[in-house]
Amino acid sequence: MSFSKKIAAYVGQSIQVETAVETFTGELVSADDTFTVIKRDGAEDTRVTILTDAISYVRKSL
Amino acid sequence: MAAQFKLEDLTGLIEKVARPGLLSQLLGKDNVVPKSIADFLKTGSDQPAQTASEPASADSASGTSSAKASSAGTPSARSNVIGGILGVLGRISVVPFVELARENIGNNVLITTNREIVEGIVTEVGSGYAALTEEGGASVIVNFRNTLAFQPSIPAEVEAE
C-alpha cells in the first residue's frame with residue numbers, strides 16, 4: 001500500500017498533517033498520489049490542498 | 001514568462017517517463033544504467049541536442065535515451081523529463097528505509113523527518129511509509145520521502161546500565 005492510500009483510510013476523520021513548514025489540522029477530505037485535501041478546523045468551507053509528497057507525517061489522535 | 005503546463009500534460013509526461021520500457025533501461029542490470037542516465041542528463045542540459053547526442057558510443061541503450069531526449073523538444077520540456085526521471089529515482093531511494101523499518105516492526109524507533117523526530121512502535125510498513133503508534137496511543141504515518149534518519153530507540157533503563 002502506498003503512503004497516499006494509507007492516508008486515504010482516514011477520509012472523514014480529524015487528522016494532523018505535518019509538513020516541513022506548517023501544520024494543518026482538520027478533517028481529511030481526500031488523498032491521492034498528487035494532493036491531500038483537508039478542511040481546516042474552525043474555518044467554514046476552507047479547504048487546503050497539500051502536495052502529498054511534501055507531507056512529513058500524518059498524526060491521528062485517539 | 002515561465003512556461004505553464006496543465007496537470008494532464010504533466011501526468012502524461014510522468015507516465016511517459018516512468019513506463020516500464022524506459023525504466024528498465026535506466027534501472028536495469030549491467031553497466032548500461034549509469035551511462036544511460038548520464039547521457040540522458042547530458043542531452044537534457046542547455047547544450048544543443050546535436051552536440052550532446054553525437055555518437056560517442058554505439059551502445060543501443062544510450063542511443064535510445066539520447067533519441068528520446070532529443071525528441072523532448074525545448075529545454076524546459078527536457079528539464080521536465082529530467083525532473084520526472086529524478087522523481088522516479090527519488091522514489092526508489094526510499095527503499096532502504098522501508099527495509100530498515102520492516103526489520104523493526106514491533107520495536108520502538110526514532111524517525112527523523114524534515115519536520116521533527118517522531119517516536120513510536122512500528123506497526124506497519126508499506127511502500128514508502130511506516131505506521132507508528134506513539135506512547136499516548138496516537139497513530140502516525142511517516143512519509144519516507146521526507147525522512148532523514150531512522151534508528152531503533154534504546155529503552156531508557158537499558159541505556160542507563
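How many helices and strands does the secondary structure of chain B comprise? In this predicted model, in which local features need pLDDT of at least 70, side-chain atom pairs count only at pLDDT 80 or more, and totals for chains, interfaces and linings use all residues, chain B has eight helices and five strands. Residues are numbered from 1 along each chain as its sequence is written, while chains are lettered from A and ligands numbered from 1 in the order in which they are written.

Helices (H or I, at least four residues) and strands (E, at least two) are DSSP runs, numbered from the N terminus. The elements of chain B follow the order α-α-α-α-α-α-α-β-β-β-β-β-α from that terminus. Of its 161 residues, 25% are buried, that is, 20 or more other C-beta atoms, placed from the backbone, lie within 10 Å of their own. Contacts (C-beta atoms, placed from the backbone, within 7 Å) with a separation of 6 or more in chain B are formed in 53% of cases by residues 24 or more positions apart.

The contact between the chains involves 17 residues from chain A and 18 residues from chain B. On the side of chain B that touches chain A, strands S2 (117-126), S3 (129-133) and S4 (139-143) each contribute at least two residues; the largest share, five residues, belongs to S4(B). This side comprises seven nonpolar, nine polar and two charged residues. Here Ala, Val, Leu, Ile, Met, Phe, Trp, Tyr, Cys and Pro count as nonpolar, Asp, Glu, Lys and Arg as charged, and the others, Gly among them, as polar.

S4(B) is also joined by four bridges to strand S5 (residues 55-60) of chain A, and the two run antiparallel; strands pair if DSSP finds at least two bridges between them. Within S4(B), B:Ile141 is the bridge partner of A:Val58.

Methods. Contact = placed C-beta atoms within 7 Å. Buried ≥ 20, exposed ≤ 12 C-beta atoms within 10 Å, placed from the backbone.
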